[in-house]
Amino acid sequence: MQKIVPHFWYDQAAGEAAEFYTSLFEDSSIDSKVKIYDTPSGTAETVTFTLAGQSFMSISAGPIFQFTPAVSLQVICSTIAEVDHLWKELSNEGSVLMPLDAYSFSERYGWTEDKYGLSWQILYVPDQLISQKITPTLLFTDKQYGKAKEAMEFYTSVFANGAIDGLNYYSESDENSQVGTVQYGLFNLEGQNFVAMDSGMAHGFTFNEAISFVVNCDTQEEIDYYWDKLSFVPEAEQCGWLKDKYGLSWQIVPTRMKELMTTKDSEKLQRVTQAFLKMKKFNLAELDKAYKG
């Protein structure tokens, strides 16, 4: 099981969006759709899906959070034709942040929000083995500006298998950012690539709960460990969710939750739902107790 899974919050379009995304990439599928009832948002739908062999999750739970480009998905393409195809589909009815064009770092690149508001960076990288097609990208801006390297060092210290694989810094020729802040940083957590960047421009957005990262944990001890290491905002603690010191949201979830939430027994599902809605940090023993009745 993938250790860290990107999670997207939609108003009502989680299922529709997942169907759209899986139509664009090879080795993609909808893996499950589950409705949960009597939540603070009413009836919610959770979706698990695979894109290019990578796991993702989403939820339709009301218009509480809105996507921002502070977290985007970088897609590496081996051909210009693939870039153009993905750009056509993902930019349609969306909002272009950087037009599809030639840049110093790629001869074919564009950054767009799709019709659901999720941000994508699509770039052509020739003659490279693509081990991970889609890479979550974190933009440290506004109050978090200048903290990209610090955050990478923090995250790679929290996860047992973590490493910073590359860092490029802004120079004096970069007008909108301070010399020495991170132009592009690549790091790896538990076998998954992430990108971090600083931006000194006044974007007016930062991280929020619309995009979070689920950490799958096998034991209560593991849940306790990640909760203690990552949680920094007590008022944000709810239903396994937390915020770290950079404002990025995480969900610390027992691996067994997949089994608990995909049961065909509606009474078991309702008991588990009502149990976890009352929790901040998940208690695996109490969830099992609710499941068993």
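Angles under 35 degrees count as roughly parallel, over 145 as roughly antiparallel, 65 to 115 as roughly perpendicular and the rest as oblique. The model is predicted, so local features need pLDDT of at least 70 and side-chain atom pairs pLDDT 80 or more, while totals for chains, interfaces and linings use all residues. Residues are numbered from 1 along each chain as its sequence is written, and side-chain values use heavy atoms, without hydrogens and water.

**Exercise 1.** Work out how α3 and α4 are oriented to each other.

*Solution.*
- Start with the angle: helix α3 (residues 148-158) and helix α4 (residues 220-230) pack at about 160°, their axes 11 Å apart.
- Apply the cut-offs: α3 and α4 are therefore roughly antiparallel to each other.
- Now find the contact (heavy atoms within 4.5 Å): Phe-154, Ser-157 and Val-158 of α3 meet Tyr-225, Tyr-226, Lys-229 and Leu-230 of α4.

**Exercise 2.** Find the salt-bridge partner of Lys-3 and say which parts the pair ties together.

*Solution.*
- Recall the rule: a side-chain nitrogen of Lys or Arg lies within 4 Å of a carboxyl oxygen of Asp or Glu.
- Lys-3 pairs with Glu-222, with the closest N and O atoms 2.1 Å apart.
- Lys-3 lies in the segment before β1 (4-10) and Glu-222 in helix α4, so the pair ties together parts 219 residues apart in sequence.
- Lys-3 and Glu-222 are both buried (buried is under 20% relative accessible area, exposed over 50%, partly exposed in between, with a 1.4 Å probe and protein chains only).

Methods:
Axes are lines fitted to C-alpha atoms, for helices over the stretch in contact, and angles run from 0 to 180 degrees between N-to-C directions. Helices (H or I, at least four residues) and strands (E, at least two) are DSSP runs, numbered from the N terminus.
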